[in-house]
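Here's a quick briefing to read alongside the model. Have the sequence and the fold open, and we'll go through them topic by topic.

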Amino acid sequence: PKLPTDPAGRAALVTGGLLLAAAAWAYYPTVAGLADTWDRDPNYSHGWLVPILAAGLVWFRLKGEPLP
């Protein structure tokens, strides 16, 4: 995709990047704790599959295909 060259497009891109960075900073401790639990506790080892399955569902939804 082409990057925006107009000022409004650049501002939207910068704002989106800042929001993404803020969300990553805010949720990092939680995600790190989840990953640690998924690694150490056998009762939660299936946790690694949850983000992958969620991303697959989002992918199918965005493409407009029926779920498998």
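Asp36 counts as partly exposed, at 36% relative accessibility, where partly exposed sits between buried (under 20% relative accessible area) and exposed (over 50%), using a 1.4 Å probe and protein chains only. Keep in mind that this is a predicted model, in which local features need pLDDT of at least 70, side-chain atom pairs count only at pLDDT 80 or more, and totals for chains, interfaces and linings use all residues. Residues are numbered from 1 along each chain as its sequence is written, and side-chain values use heavy atoms, with hydrogens and water left out.

- Asp36 has a partner: its side chain meets that of Arg40 in a salt bridge, 2.9 Å from N to O.
- The rule here asks for a side-chain nitrogen of Lys or Arg within 4 Å of a carboxyl oxygen of Asp or Glu, and the count comes to one salt bridge.
- Arg40 and Asp36 are four residues apart in helix H1, so about one helical turn separates them.
- As background, an α-helix has 3.6 residues a turn, so residues three or four places apart point the same way.
- Arg40 is exposed, with 61% relative accessible area.

**The helices**

- Helices are DSSP runs (H or I, at least four residues), numbered from the N terminus; strands would be E runs of at least two.
- H1 has 34 residues and reaches 48 Å from first C-alpha to last, close to the 50 Å expected at 1.5 Å a residue.
- That expected span is 1.5 Å times one less than the number of residues in the helix.
- H1 has a kink of about 50 degrees at Tyr27, shortly before the proline Pro29; the bend at a residue is the angle between axes fitted to the seven residues ending there and the seven starting there.
- H2 has 15 residues and reaches 21 Å from its first C-alpha to its last, close to the 21 Å expected.
- After H2 comes Gly64, with a positive phi near 80 degrees.

**The tryptophan pair**

- How many aromatic pairs does the count come to? It comes to one.
- The rings of Trp38 and Trp48 have centres 5.2 Å apart and planes at 70 degrees, so the pair is edge-to-face.
- For the cut-offs, rings of Phe, Tyr and Trp (its six-membered ring) pair if their centres lie within 6.5 Å; planes under 30 degrees apart are stacked, over 60 edge-to-face, and the rest tilted.
- Trp38 lies in helix H1 (residues 7-40) and Trp48 in the loop between H1 and H2, so the pair ties together parts that are 10 residues apart in sequence.
- Trp38 is buried at 17% relative accessibility, whereas Trp48 is partly exposed at 40%.

**Surface and loop**

- Leu49, Ile52 and Leu53 form a nonpolar surface patch, with about 320 Å² of accessible area together.
- Patches take residues with over 30% relative accessible area and no salt bridge, joining like charges within 9 Å and nonpolar side chains (Val, Leu, Ile, Met, Phe, Trp, Tyr) within 5 Å; areas come from the Shrake-Rupley method with a 1.4 Å probe, and for residues only the protein chains shown count as cover.
- Ile52 lies in helix H2 (residues 49-63) and is exposed at 58% relative accessibility.
- Ser45, in the loop between H1 and H2, is partly exposed at 42%.
- Ser45 and Ala35 are 10 residues apart in sequence and 9.3 Å apart in space, C-alpha to C-alpha.

- Leu3 lies in the segment before H1 and is exposed at 63%.
- Leu18, in helix H1, is exposed with a relative accessible area of 58%.
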